[in-house]
Amino acid sequence: MRGFDRAGFVAPRYDGAGLGAVLPAVADALGVPVTAAGRSGAAARAALGLPTAQRACVVLVDGLGHLNLTERAGHAPFLRSLLAQGQVLTSGFPSTTAASMGLFGTGTGPGRTAMVGYTARNPATGRLGNLVSWDGLDDPHDWQREPTIFEQVTAAGIPVTSVGPAKFRGSGLTEAALRGGGYRGAQSLADRVDASIYELMGPALVYLYWGDVDKAGHHHGWGSWQWGEELGALDRELARLERALPPGTLLAVTADHGMVDVDRSTRWDVAKTPALSDGVELVAGEPRALHVHTSLGTRDAADAVAARWRDVLGAAAVVATRDEAIDAGWFGPVSEHVRPVLGDVVVAMTGRATVVDSRTQTSASMDLVGVHGSFTPHEMHVPLLTVHRR
């Protein structure tokens, strides 16, 4: 893809060795044969080198990129102790929560899950839908049609429990990406750790989600003292979880994406930049990874819009038509029902640049300090840190 190497981008891994391999590999470690995107859990476990176990706890820390963690590891002595033996995985594209949760939960890329960004154009309405809050979207089982790993593990007779905020129980995102098994609502991290320890008393797969590191990064930046404090609080509770693990437990800590802090001098607003809004009906996605839907929806229109965006953004972005992005493997294999969800033009920002659209975004969302979604190493690389309690 033109500009990809020049931009220093990291290619996504949809071949069973990226973020999508974690749950299939853990399932196989528990003795449950699963398949994801036509690949076996056994192959994923071999790629990640996970041991067999009687029970497993998988912790996903929202926004804890591998480079973010290593560069601020002084706040996290427990996680730092695991880095040397840990692994670096890649997120999919875009490197954002909704897309990554689809990849994590199904082992399948965004091109099949239709989890293609923070927001997406709903083909049924032509309007923006939010893939985190699920506002403006349809039945999550219709939107995301791939089987989840939790469904397969539950069907094999292994109890699966997700531990997270009570408000996420039965939410659109949960049903789309993580359906299967039970759900334990717990608000504080300490309560979530306690709930996970309880569920690990017998053979089980426990999934624990924590989002406050990402939240601190969005509001203050990942280089802030607030981010460091959240990382330290997370580290203390994960160390307590590790000490309480019963024998035969595999603990795996990973993340959905990393983060960069914005550069305000390289930000464009579509609403205030005629060359970006000309011929554009709707902009979906997020400021680092945009799905641009043209007014005409034709190949010629896409080529014209892509050319204008390249002229305006220059080295601050890699701009591709939908067909170019699909051919380059940005989303992995693409199902026919997902094609209209993707933008006619897809834009990945370089450096710390962003593109916003004040016609559809709130001022709060446009003023975030920490952002993610593109292909840079800080956004794409996530850790896989494991402990096996024999």
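Colleague: What makes strand E3 largely enclosed by the rest of the structure?

Modeller: In E3, 7 of the 7 residues are buried, so the strand is largely enclosed by the rest of the structure. Buried means under 20% relative accessible area, exposed means over 50%, and partly exposed lies in between (1.4 Å probe, protein chains only). This is a predicted model, where local features need pLDDT of at least 70 and side-chain atom pairs count only at pLDDT 80 or more, while totals for chains, interfaces and linings use all residues. Residues are numbered from 1 along each chain as its sequence is written, and side-chain values use heavy atoms, with hydrogens and water left out.

Colleague: What makes E3 and E10 a pair?

Modeller: Two strands pair if DSSP finds at least two bridges between them. E3 and E10 have 7 bridges and run in the parallel sense, so they meet that definition. Val-58 stands opposite Ala-252 in E10.

Colleague: Which way does E3 run against E9, parallel or antiparallel?

Modeller: E3 and E9 run parallel and are joined by 6 bridges. In E9, Tyr-207 is the bridge partner of Val-58, and Val-206 stands opposite Cys-57. Val-206 is also the bridge partner of Thr-161, where 4 bridges join E7 to E9 in parallel.

Colleague: Why are E4 and E8 called edge strands?

Modeller: The open sheet has 7 strands in the order E4-E19-E10-E3-E9-E7-E8, with mixed pairing. Strand E4 (87-90) and strand E8 (182-185) each pair on one side only. E4 is joined to strand E19 (residues 381-389) by 4 bridges, and the two run antiparallel. Val-88 stands opposite Pro-383 in E19.

Colleague: Why is helix H1 called roughly perpendicular to helix H2?

Modeller: The axes of H1 (residues 22-29) and H2 (residues 41-48) cross at roughly 100 degrees and come within 7 Å. That makes H1 roughly perpendicular to H2. Angles of 65 to 115 degrees count as roughly perpendicular, under 35 as roughly parallel, over 145 as roughly antiparallel, and the rest as oblique. The axes are lines fitted to C-alpha atoms, for helices over the stretch in contact, and angles run from 0 to 180 degrees between N-to-C directions.

Colleague: Which residues of H1 and H2 meet?

Modeller: Val-22, Pro-24, Ala-25, Asp-28 and Ala-29 in H1 meet Gly-41, Ala-42, Ala-44, Arg-45 and Leu-48 in H2. Contact means heavy atoms within 4.5 Å. The residues of this contact divide into 7 nonpolar, 1 polar and 2 charged. Ala, Val, Leu, Ile, Met, Phe, Trp, Tyr, Cys and Pro count as nonpolar, Asp, Glu, Lys and Arg as charged, and the others, Gly among them, as polar.

Colleague: How do you know that H1 is largely enclosed?

Modeller: In H1, 8 of the 8 residues are buried, so the helix is largely enclosed by the rest of the structure. H1 lies across E3, E4, E9, E10 and E19, running at about 165 degrees to E3.

Colleague: Why is Gly-248 called buried?

Modeller: Gly-248 has a relative accessible area of 12%, and the cut-off is under 20%, so Gly-248 counts as buried. Gly-248 is found in the loop between helix H12 (225-244) and strand E10 (249-255). Not counting residues up to four places away in sequence, Gly-248 touches Ala-53, Gln-54, Arg-55, Arg-389 and Arg-390.

Colleague: Which residues touch the most other members of the largest nonpolar core?

Modeller: Leu-64, Leu-79, Phe-104, Leu-234 and Trp-330 do, in a core of 104 residues. Another core of 20 residues lies apart from it, including Ala-302 and Leu-313. A nonpolar core is a set of buried Ala, Val, Leu, Ile, Met, Phe, Trp, Tyr and Cys residues joined through side-chain atoms within 4.5 Å.
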